[in-house]
Amino acid sequence: MDRVLRARTSKAESEHILDVLEERRRGSDIGHALRTYSAQPYRGATPLSVSALNRMVQESQYLRYIISEISAESGEPPEVVKEEAVSILEEMSQNLQLSFIRLMGFALTKVFKRLFTSIRLHQAIQEHPVILMPNHRSYIDFLVISYIMFTYDLSIPVIAAGIPLMGMSLVGEILRRSGAFFIRRAIGEDKLYWAVLSEYVRTVVRTGFAPLEFYVEGLRSRTLKSLKPKLGMMQMILEPFFKGEVYDITLVPISISYDRVLEESLLAHELLGVPKPRETTRGLLKARRVLEENYGCMHVYFGNPVSVRELAKGRIQRNQYNLIPRDLPLKLSAELQDFVGEVAHLLVLLQERSLVLSPWSLMALILLQNPDGVDWNTFTHKTLRLRTLAAQLGARIDWPAQLPDSEVMSSSMALHHSIVGSENGSVRLVEEAGPAPVTEEEAVFRRASVVLMCASYRNQALHVFTRPALVAVAMTTAPSYSKDDVFSRFCFLQDVLANEFVFMPVHAPQDFEEGCSGLLRCGVLSIYEGGLRATEEEQDIVVFLRAVLEPFIETYQMVFRVLCEETFQTFTEKKFVPDIRAAIVKLFLSGEVKSYECLSSDTQKNALSALVRMGAASKCRVADQTEYRIDQSALRRIRDTLDGSVVSKVPLFSRL
Amino acid sequence: MASNTDISERQRSARQRLRIIAGHLQKSEGNEHTALSAQECKAETPRSNAAKVTAVPKRRQEILKWNGWGYSDSRFFFNKKGQAEFTGRRYRLSGLILPSLKDWFEGTFGANLQHKTPATASLNVSAVPPPNLNELFVEELKTAGVALSTDPEDRVFRSHGHCLHEIFALREGRIGKIPDLVVWPSCHDDVVKIVELACKHNVCLIPYGGGTSVSSALECPPEETRSIVSLDTSQMNRILWIDEKNLTAHVEAGIIGQDLERQLNESGYCTGHEPDSMEFSSLGGWVATRASGMKKNIYGNIEDLVVHIKMVTPRGVIEKSCQGPRLSTGPDIHHFILGSEGTLGVVTEVTMKIRPLPEYQKYGSVVFPNFQQGVACLREVAKQRCAPASIRLMDNEQFQFGHALKPQVSSIFTSFLEGLKKFYITKFKGFDPHHLCVATLLFEGDREKVLQHEKQVYDIAAKFGGLAAGEDNGQRGYMLTFVIAYLRDLGMDYYVIGESFETSVPWDRVLDLCRNVKERIVRECKERGVQFPPLSTCRVTQTYDAGACVYFYFAFNYRGLSDPIHVYEQVEHAAREEILANGGSLSHHHGVGKLRKEWMRETVSNVGLGMLKSVKEYVDPNNIFGNRNLL
Ligand SMILES: Cc1cc2nc3c(=O)[nH]c(=O)nc-3n(C[C@H](O)[C@H](O)[C@H](O)COP(=O)(O)OP(=O)(O)OC[C@H]3O[C@@H](n4cnc5c(N)ncnc54)[C@H](O)[C@@H]3O)c2cc1C
């Protein structure tokens with residue numbers, strides 16, 4: 001896996017950018033929709049009808065095992081369980097209709113042309129894709145991939161989508177007819193549901209009649225930051241390879257990024273814990289208003305296909321299934337589970353690698369670090385500096401070369417006029433229009449919502465800086481400059497933040513290396529007598545990098561601090577978000593919290609998950625509720641280590 | 001002893017049987033090998049009879065190739081017009097022109113008739129290393145009256161089997177380590193004597209039967225420092241007696257398949273054991289490798305066929321005390337012998353089951369729309385336990401290959417496709433020639449039952465979309481199995497090398513295994529710089545209750561490769577790894593030899609390997625049988 005990761009960074013891929021909409025602006029939309037569509041399924045695979053697919057799933061030996069197991073456990077007759085399975089299958093099953101794709105092709109061209117100036121497809125797919133793995137940033141993602149596949153004569157994928165989408169009248173139907181199948185969100189312990197779903201997915205992979213598209217992050221990321229991958233679906237997809245039922249599985253990471261996300265304001269509200277409207281079509285597109293807006297550019301980057309067989313080489317013993325029927329419902333061996341986890345992480349990292357950054361993500365980063373506004377010249381200067389830094393750290397930036405920089409920036413600002421404005425030569429975040437806030441708290445939330453909106457654009461660029469920034473923080477908070485001390489500080493920070501950023505499991509040394517070599521490349525780091533220290537010339541970069549992580553670390557510190565209070569000894573999952581929010585708002589008003597980002601419920605929840613992972617909190621089910629219990633001494637230890645109060649801080653340059 | 005009327009009855013049916021054998025083996029009856037009339041067996045035939053009846057002489061070089069497959073007079077070549085021809089008069093294909101072979105050959109391999117890689121014309125005797133003889137051993141052998149030779153040709157002929165690397169080296173005139181001496185015992189007692197002397201003088205013995213090994217089993221271990229003696233069993237080739245009451249025959253182990261069948265046929269019997277190599281491979285070789293015959297569905301594999309085995313080991317002779325059909329006397333000692341690959345001793349005599357010659361034989365074939373359907377059909381046939389004597393399913397590539405072997409003029413040799421079209425033009429629509437595949441069938445028994453059986457099988461086939469495609473196609477399929485081995489030599493004349501290998505696998509994994517292994521071969525070739533996609537094809541050759549035997553062919557054009565054999569070996573190695581990863585076995589019938597030794601431990605477990613080793617240590621503590629196979 002390291003090999004794959006390294007290969008991607010070192011190889012200078014010849015950029016090959018296509019504008020999908022370009023041709024559509026010139027040609028006829030209807031002609032495009034009706035043209036002969038001649039996608040080939042994979043070599044040797046025969047087309048499969050929905051009913052045939054369903055039948056294969058229903059009649060599978062695996063499902064029969066599970067059904068008799070469930071019937072034995074529950075005492076229900078097998079026929080009843082089977083019927084249940086059939087209805088689950090119906091709810092789930094995909095229904096691809098080419099005529100519908102054509103209609104959609106037509107309609108989408110219209111909509112996309114309205115919405116976006118361009119949809120940029122970076123590097124077309126060279127091989128038959130098998131599993132398409134896009135990141136998930138907007139509901140539009142679904143449609144765009146299918147649209148691209150249709151436009152380029154590639155097989156329309158079968159898409160794994162969440163049930164809430166099914167409820168959206170129009171989009172749900174579009175998805176279903178364009179080949180989506182629907183998955184319940186909280187599957188939990190429902191054994192039969194798992195069985196039907198996994199057999200369904202495996203059957204799609206085994207028969208290979210169409211690519212499968214799924215979101216390894218599980219959910220749409222509300223922060224536009226990569227999410228820790230979910231392993232369930234990944235495992236189902238890889239199983240046919242483990243069992244030799246397919247020769248190989250090709251995973252295609254797809255990185256989607258937006259200049260501007262349709263749901264931006266929705267997202268910020270969700271993050272603040274304002275209950276989100278059900279995902280109705282109207283809620284999604286707020287049709288007319290959305291269509292009137294310009295959303296700039298959408299980038300779709302099809303990464304190099306990854307061969308699972310290659311990844312598994314020398315790691316996976318496929319013969320472990322030789323002595324049992326392959327359909328037997330068995331847990332994966334620990335070896336295979338680890339492998340699934342690593343593959344899932346790898347793909348998220350590859351998605352990040354190929355994410356195309358817009359100038360706006362960089363600008364957002366600068367804006368957030370200057371909450372009181374910044375004058376235009378400084379703003380430009382800092383942004384351009386950041387552009388250089390980001391490029392040195394391997395970011396792909398789509399910065400129009402033919403335009404003067406100031407024009408690029410001002411057009412980005414125009415695109416985001418709802419967030420940013422300039423007043424008396426000072427650029428600053430603007431607040432949503434509307435009646436003036438009544439309470440202090442309301443004012444905080446109003447402000448926070450803009451900050452979080454802006455933060456989500458920054459988040460699209462965050463992965464570029466994470467590792468160097470962690471090293472920078474570690475360097476300045478470790479007890480000494482020795483590489484060992486810095487590294488162990490790095491490991492601690494990475495451990496705490498492992499729900500926040502995506503790291504490959506058991507990969508700290510490599511991440512550390514990567515962070516260090518990034519810093520070296522930017523001239524920030526000098527290694528000297530086994531010690532790591534920042535060069536004097538580039539101190540401001542260190543300061544900048546520390547500031548990148550600041551809002552997250554601060555949020556964690558605040559959450560930990562609040563949880564140390566008596567009232568938080570035990571609490572239910574439901575109450576966590578509102579209670580924490582209330583506590584943090586209080587700290588905010590008293591001036592103890594500085595960053596509005598501390599109000600992001602996502603980050604707060606991640607902080608809690610980190611505690612669970614690190615053994616400072618435990619989770620259990622009490623009467624239908626999930627309850628958390630805090631281990632105070634463990635929590636305090638973590639808090640203190642994070643605050644840096646237990647490590648003796650070495651003053652800067654003391655050893656010189 | 002049978003009565004006179006019985007005898008003439010038997011002779012009649014024997015003649016019929018000869019015709020049948022000739023049907024799929026030889027050109028016509030009445031040639032030099034079938035000239036023998038059916039004759040009654042005597043319990044003790046005089047020794048001198050032996051050489052007269054055998055198809056392969058003691059001096060193999062008189063009629064066999066020294067660096068290729070089979071008879072010297074039979075080979076493929078491209079004539080001046082670029083048409084392929086098969087020479088000689090032995091086979092049905094002999095003397096015929098195969099006009100489509102060239103196109104198939106060039107198209108499949110990217111080969112070119114201009115680019116030749118001819119073999120070294122003749123064995124350079126001076127390049128053969130002088131023998132390392134144990135003089136005392138030789139002395140005593142001579143005294144005992146055992147035939148022996150140090151002639152370079154005799155020794156080179158017994159230094160190899162038919163693995164690709166072995167033949168390739170010979171073609172290039174490279175001679176590796178070879179036996180120092182060849183001995184020809186003519187009976188069990190001779191073997192006892194030879195083994196005694198070998199132990200006494202500490203020389204290494206390597207039993208040699210028909211030389212058809214495809215597992216490097218006959219290769220002399222390079223690390224062996226003692227004098228190596230090839231013990232050629234070919235002169236122990238008599239049927240010692242036939243027991244018509246129990247339907248068994250007691251046979252010397254050196255007899256080769258075609259002689260055994262012919263002689264039994266003359267008495268109205270057969271063993272029914274027909275491995276594809278039966279023209280040359282020997283009874284002892286079958287026992288030593290656990291061989292499998294094409295018609296095992298009726299007659300069984302070698303382990304089902306043997307009733308009693310006698311083997312000479314350094315510890316003495318091992319055999320059972322009776323011929324009871326089944327014994328509960330601890331682990332079956334036959335199973336130490338079966339598959340021992342010449343590491344424990346020499347099999348000298350075997351009592352084998354025999355059957356009356358079948359009254360009626362009928363070929364058949366079925367076309368399936370694709371390989372999946374074909375496998376599903378075979379699986380169903382196995383489930384209903386109604387497999388014909390033989391049922392084999394070729395994949396699409398092999399189907400196309402069969403098509404390319406269509407001779408120019410011959411009524412029976414109408415092209416496969418034409419044959420099909422003629423009969424099934426209407427029904428045939430919708431079959432994609434790039435997906436369809438063919439099963440060939442052979443039914444045996446009394447006429448009525450055969451016809452009944454045939455119907456049953458065709459009915460099952462129809463359920464899987466299979467269409468009966470005629471007898472000729474089936475017959476041609478089986479006939480081709482005997483000439484296919486000759487084709488490799490033709491390939492090697494034009495930069496094409498190839499080999500076959502096999503496995504056995506549970507039913508539910510047959511398709512996955514076939515697909516994955518074929519794909520692996522293609523990918524590995526590409527990765528290793530093979531310029532043109534290889535031929536990577538398979539067929540299901542045997543069905544069992546719980547699985548099937550799958551046979552792969554793999555060949556590629558090696559132009560541009562500096563070490564083609566190394567590439568070949570790497571790919572074959574990868575293919576075997578793939579087989580094992582997909583639940584296939586290390587071998588169904590070719591054996592382990594030295595080629596597949598590295599996987600033995602994982603195949604039979606540590607303890608299993610230990611058990612085998614301890615048997616070897618007890619039976620042959622000084623490693624007299626030092627061919628180093630298996631363990
Ligand atoms: C074209 C072709 C087709 C083939 N088709 C088949 C097939 O359909 N089915 C099948 O099972 N195999 C097949 N084989 C493989 C081969 O024919 C068998 O392994 C056969 O049993 C070997 O017999 P042999 O007499 O040629 O033995 P050899 O090749 O001479 O020897 C094989 C091994 O057995 C040992 N051995 C031989 N004789 C004795 C003896 N009397 N006592 C103790 N050890 C002995 C040798 O030392 C050696 O290790 C085929 C091979 C070729 C080249």
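Guide: Before we start, one term: buried means under 20% relative accessible area, exposed means over 50%, and partly exposed is in between (1.4 Å probe, protein chains only). This is a predicted model, where local features need pLDDT of at least 70, side-chain atom pairs count only at pLDDT 80 or more, and totals for chains, interfaces and linings use all residues. Residues are numbered from 1 along each chain as its sequence is written, chains are lettered from A and ligands numbered from 1 in the order in which they are written, and side-chain values use heavy atoms, with hydrogens and water left out.

Visitor: Okay, is A:C564 buried or exposed?

Guide: A:C564 is buried, at a relative accessible area of 11%.

Visitor: How many disulfides are there over all chains?

Guide: The count is 0, taking a disulfide as a pair of cysteine sulfur atoms within 2.5 Å. For A:C564, the nearest cysteine sulfur belongs to A:C598, 15 Å away.

Visitor: New topic: how many residues surround the ligand?

Guide: There are 34, and B:P207 and B:S282 are among the closest. Here a residue is near a molecule if one of its heavy atoms lies within 4 Å of it.

Visitor: What is 2.7 Å from a ligand oxygen?

Guide: An N or O atom in the side chain of B:S282. Another ligand oxygen distance is 3.1 Å, to an N or O atom in the side chain of B:N629.

Technical notes
A polar contact is a pair of N or O atoms within 3.5 Å; within protein, one must be able to donate a hydrogen and the other to accept it, and residues adjacent in sequence count only if both atoms are side-chain atoms.
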